[in-house]
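Q: I'd like to learn how to read a model like this one, feature by feature. Can we go through it together?

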Amino acid sequence: MIIGSMAASGLVAVLALVDMIIGMPFRGSTVMDIMFLISAGLVLFLCWDAWKDLR
């Protein structure tokens, strides 16, 4: 579940960066892209922290 969450948030981060650079696939506002990046970063951090605790 942790790995799946990391993969999903990584995909969201990559798509938000691509949207900021070339305007595809979402054609959304830059504010939403920044919010997506922040939330993906938070999820990645929480997954990394949980992964550390399991080791």
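This is a predicted model: local features need pLDDT of at least 70, side-chain atom pairs count only at pLDDT 80 or more; totals for chains, interfaces and linings use all residues.

Q: What describes a pair of aromatic rings?

A: You give the distance of the centres and the angle of the planes. In this structure there is one aromatic pair. Phe45 and Trp48 form it, at 6.1 Å centre to centre with 40 degrees between the planes. Planes under 30 degrees apart would be stacked and over 60 edge-to-face, so this pair is called tilted.

Q: Zooming out, how many helices and strands does the protein chain have?

A: The count is two helices and zero strands. As for dimensions, the C-alpha trace spans about 40 × 15 × 15 Å along its principal axes.

Q: At what angle do α1 and α2 pack?

A: For a helix pair, read the angle and the axis separation side by side. Helix α1, residues 2-22, packs with α2 at about 155 degrees, and their axes are 8 Å apart. An angle over 145 degrees counts as roughly antiparallel, so that is the label for α1 and α2. There is also a handedness to note: α1 passes α2 in a left-handed crossing.

Q: Which residues of α1 meet α2?

A: On the α1 side, the list includes Ile2, Met6, Val12, Ala16 and Met20. Among their counterparts in α2 are Ile34, Leu37, Leu44, Cys47, Trp51 and Leu54.

Q: Could we zoom in on one residue of α2? What does Phe36 touch?

A: Neighbours up to four places away in sequence are left out, and then Phe36 touches Val12 and Ala16. Phe36 itself is in helix α2. Its relative accessibility is 31%, so Phe36 counts as partly exposed.

Q: Now the loop. Which peptide bond is cis?

A: Look at omega here. The bond from Met24 to Pro25 is cis, with omega near 10 degrees. Pro25 is found in the loop between α1 and α2, and Met24 lies in that loop too.

Q: What does Met24 touch?

A: Leaving out residues up to four places away in sequence, Met24 touches Val18 and Asp19. With a relative accessible area of 42%, Met24 is partly exposed. Compare that with Met1: it is 23 residues from Met24 along the chain, and the two C-alpha atoms are 29 Å apart.

Q: Last, the totals. What share of the protein chain is buried?

A: Buried residues make up 15% of the 55 residues. The chain exposes about 4200 Å², of which carbon and sulfur atoms supply 77%. For contacts, take those between residues at least 6 apart in sequence: 47% of them join residues at least 24 apart.

Key. Residues are numbered from 1 along each chain as its sequence is written. Side-chain values use heavy atoms; hydrogens and water are left out. Helices (H or I, at least four residues) and strands (E, at least two) are DSSP runs, numbered from the N terminus. Buried means under 20% relative accessible area, exposed over 50%, partly exposed in between (1.4 Å probe, protein chains only). Contact means heavy atoms within 4.5 Å. Accessible areas come from the Shrake-Rupley method with a 1.4 Å probe; for residues, only the protein chains shown count as cover. Rings of Phe, Tyr and Trp (its six-membered ring) pair if their centres lie within 6.5 Å; planes under 30 degrees apart count as stacked, over 60 as edge-to-face and the rest as tilted. Axes are lines fitted to C-alpha atoms, for helices over the stretch in contact, and angles run from 0 to 180 degrees between N-to-C directions. Angles under 35 degrees count as roughly parallel, over 145 as roughly antiparallel, 65 to 115 as roughly perpendicular and the rest as oblique. A crossing is left-handed if the near helix is turned anticlockwise from the far one by less than a right angle, and right-handed if clockwise.
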